2 protein chains.
Amino acid sequence: MAVNLSPPDATHLHPVAGVELGVAMAGVKKPNRKDVLVMRLEPGATVAAVFTRNRFCAAPVVLAKKHLANGARAFVVNTGNANAGTGKDGLNRALDVCRALAAALECKAEQVIPFSTGVIMEPLPVDRIVAGLPAAVSDLKAGNWLSAAESIMTTDTVPKAVSRKVRLSGGDAVVTGIAKGAGMIRPDMATMLGFVATDAKVSRDKLRSMVRRAADRSFNCVTVDGDTSTNDAFILIATGKGPAASTKKDLSALEEAVTGVSRSLAHAIVRDGEGATKFVTVRVERGRSEAECRKVAYAIAHSPLVKTAFFASDPNLGRILAAIGNAGIGDLDAGKVDLFLDGVAVVKAGGRNPSYLEPQAFAVMKKPEFTVRAMLNRGRASATVWTCDLSFDYVRINAEYRT
Amino acid sequence: MAVNLSPPDATHLHPVAGVELGVAMAGVKKPNRKDVLVMRLEPGATVAAVFTRNRFCAAPVVLAKKHLANGARAFVVNTGNANAGTGKDGLNRALDVCRALAAALECKAEQVIPFSTGVIMEPLPVDRIVAGLPAAVSDLKAGNWLSAAESIMTTDTVPKAVSRKVRLSGGDAVVTGIAKGAGMIRPDMATMLGFVATDAKVSRDKLRSMVRRAADRSFNCVTVDGDTSTNDAFILIATGKGPAASTKKDLSALEEAVTGVSRSLAHAIVRDGEGATKFVTVRVERGRSEAECRKVAYAIAHSPLVKTAFFASDPNLGRILAAIGNAGIGDLDAGKVDLFLDGVAVVKAGGRNPSYLEPQAFAVMKKPEFTVRAMLNRGRASATVWTCDLSFDYVRINAEYRT
């Protein structure tokens, strides 16, 4: 059901020197599915991260932020349970998992970074996760990225992994990443879970600014349903086993590669959006600021009426105008707004373009991918957001999620 | 499909002296349905109104605001076409309708207040509407409130009309109102269309503050899908044919009655929400301000994940916590939040209440009406919002709306 999204080819996912991955079937929620992932980092790696700003952020998010200050040696991820809305008990349970993995890997519990995703407000089944750790640890290897992507899926229908190489002055560096997410997607700082690693050597300060900028240009530009998760996290790892990125040119090339991988992962999340049948690019141009363009783009991308019209391939495009009018731009002059669907000029100066014919828009909307372009004609800024439609299957998936 | 909502009994709708209503089948969009309403006011009536703040507000909204300054003598309402997103041509068409009705009623075009509701961005079929006016004018009578409620329905499945009497010092006054709306409902100043009339004599200034306060306590507290319409309007008419409301006590009694009628109409809109199977009251208590309580209540009421869980009667209540965490209250302490479903204490201090059992919440959610109550425990303010669930039928209705 995903829109133009195939499972990645494992042979195209470059291993990252200094990172090993291992998975297990721990039966966290359901038996016989990969649901625990362990990532081990060799000493000397630097890590930077951005996390959800949801005030109900999960227990593992609280711990992860704290532990990241101690130099990360391992990550542990479980699906099937978010360990969110679980109060102090949730923190203790997350710490128990860290302790168990630390014992197996001979590091400190404070060097283990925990992540959870799944149902909110249920107690984390620590015993089952801990019982699954030995299998995950004995599975650790550098070539396991696809298996790792599979192990973090929840309502995802396709595993999400992207890899590329980037030429730095000291040689080629590798950037490989995985992500999960299909619903509760309107990342604020990052998406549900994304892990991107490079073997380049990058200072922690540089890595920190890189992770923020990459998030702002990828995960922070997509939305499925406007709901920001309690467990969002986007992690960038630089193992330092490959060439150094310290010159301005190298850092910029690496950031471009990291952003590209992150954006492909973010697009994959939208393409695999719950019930999605369309992948829609919403571009707002000629606004006064990027912020106001983003506001308008999100107003379009979040409107249930616009999203059901996308689903129906129904050029009921007045709904897009209504969404623009609702975006909260108090002094917007509706009489200046133009609207395009791919190359079709639908609205000019706030009214229907006299030469516009509905079959033109219908032909665009029937396609699985198209672009909505709104011109505010009041400035020079622009912004792009990627989203999907709202279908029967979104309701079915979310009405049945726990059964 | 509406939730606990029956068509009103015409014999319970009190006529309002000084108001006559007439309807016609003009074939605006489809044949053989009431789609044009004319309301005639006797001289001396005062009128106050609140309108949508959507920047793409419709042509009739622009004209209505202007014409209301001239002393309203008649209203004309059409369904089937919103005359929004239609630019200058839309204004001319709305004015043509006003002119035609003014000629028939022997008043000025500037004394006719136009309203339209229906599809956005299509040219208003002025000829068909004007051709229908004579039938509507010859149908004018005081007892036509139910027929009027029927004539303004679009995706509504039940006509919405409410009436009551209120004791003033000079005798009983009547308050009768009608409304329409089922989708694109998240009123900002008012709902899609609401008309409430009283025979009481009220000064224009008093009526103006009354309409705002009544809107804030009724139409401005409901949401179906978070989309604010381009055509929202809420009109309050005082014909002055009955007892005067000039003392503080009388004004307060009248405002209470107007607010009560408006709230019943607003609730009817939610009960008839597109695809609705549940009527849910969202109450947020012990916040620092009413504004922050409303923000949290709307975050819950707008979350597609929460609304699909309502539809499924699935006590996946962590989704409510996630919505609270997303409400944009930067300094909210999640560890203080309590959550109740009717009388069931689900969450205490940010975590699952140890004595909570899921079947308790399931029993509440199976009911067609229940209350979600979130306690922020950081102040003394509160707010209430009424909403419905998100079902398969919402998608079906909005994917098929124009076919």
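In the predicted model, chain A holds an open sheet of four strands, laid out in the order β1-β2-β4-β5 with mixed pairing. The edges belong to β1 (19-24) and β5 (112-116) of chain A, and each of these has a single partner strand, so one side of each goes without a neighbour in the sheet. On average, and ignoring direction, neighbouring strands here are turned by 15° against each other. One pairing can be followed in detail: strand β4 (residues 74-78) of chain A runs parallel to β5(A), and five bridges join the two. Within that pair, A:V76 sits opposite A:P114 of β5(A).

Strand β12 (residues 338-341) of chain B pairs with strand β15 (residues 369-375) of chain B in the antiparallel sense, over four bridges, and B:L339 faces B:A374 in β15(B). β12(B) also runs antiparallel to strand β13 (residues 344-348) of chain B, this time with three bridges. There, B:F340 is the residue opposite B:A345 in β13(B). The hairpin made by β12(B) and β13(B) has two residues between the strands, and B:D342 takes a positive phi near 45° in this hairpin.

Turning to domains, chain A splits into domain 1 (10-271) and domain 2 (279-400). Taken over C-alpha atoms, the centres of domain 1 and domain 2 of chain A lie 33 Å apart. Ten residues of domain 1 of chain A and eleven residues of domain 2 of chain A make up the contact between them. On the domain 1 side, β9 (222-223) and α6 (248-271) of chain A each supply at least two residues, with α6(A) giving the largest share, three residues. Sorted by class, this side of domain 1 of chain A comes to four nonpolar, five polar and one charged residues.

The contact between the chains draws on 54 residues from chain B and 56 residues from chain A. On the chain B side, the elements that give two or more residues are α2 (87-105), α8 (304-312), α9 (318-325), β14 (351-352) and α11 (392-400) of chain B. Of these, α9(B) has the largest share, at six residues. The chain B side divides into 24 nonpolar, 21 polar and nine charged residues.

One residue of α9 in chain B is worth a look, B:G325. B:G325 counts as buried because 28 C-beta neighbours fall inside 10 Å, where 20 or more are needed. Leaving out residues up to four places away in sequence, B:G325 touches A:N54, A:R55, A:F56, A:C57 and A:T230 from chain A, along with B:A334 from chain B. B:F51, by contrast, is 274 residues from B:G325 in sequence and 31 Å from it in space, C-alpha to C-alpha.

How do the two copies relate? Two copies of a chain are related by a rotation about an axis and a shift along it. Here, a rotation of 180° with 0.0 Å of shift along its axis puts chain B on chain A, with an RMSD of 0.0 Å. That is the relation of a two-fold axis. Within chain B, B:F392 has the C-alpha nearest the axis, at 2.8 Å from it. Both copies use the same surface, as 100% of the contact residues of chain B recur in chain A.

How values were computed: Residues numbered from 1 in each chain as written. Chains lettered and ligands numbered in written order. Predicted model: local features only at pLDDT ≥ 70, side-chain atom pairs only at ≥ 80, totals over all residues. Domains from an automatic or database assignment. Contact = placed C-beta atoms within 7 Å. Nonpolar A, V, L, I, M, F, W, Y, C, P; charged D, E, K, R; others polar. Buried ≥ 20, exposed ≤ 12 C-beta atoms within 10 Å, placed from the backbone. Least-squares fit on C-alpha atoms with pLDDT ≥ 70 in both. Pairing = 2+ DSSP bridges. Axes fitted to C-alpha atoms, helices over the stretch in contact; angles between N-to-C directions.
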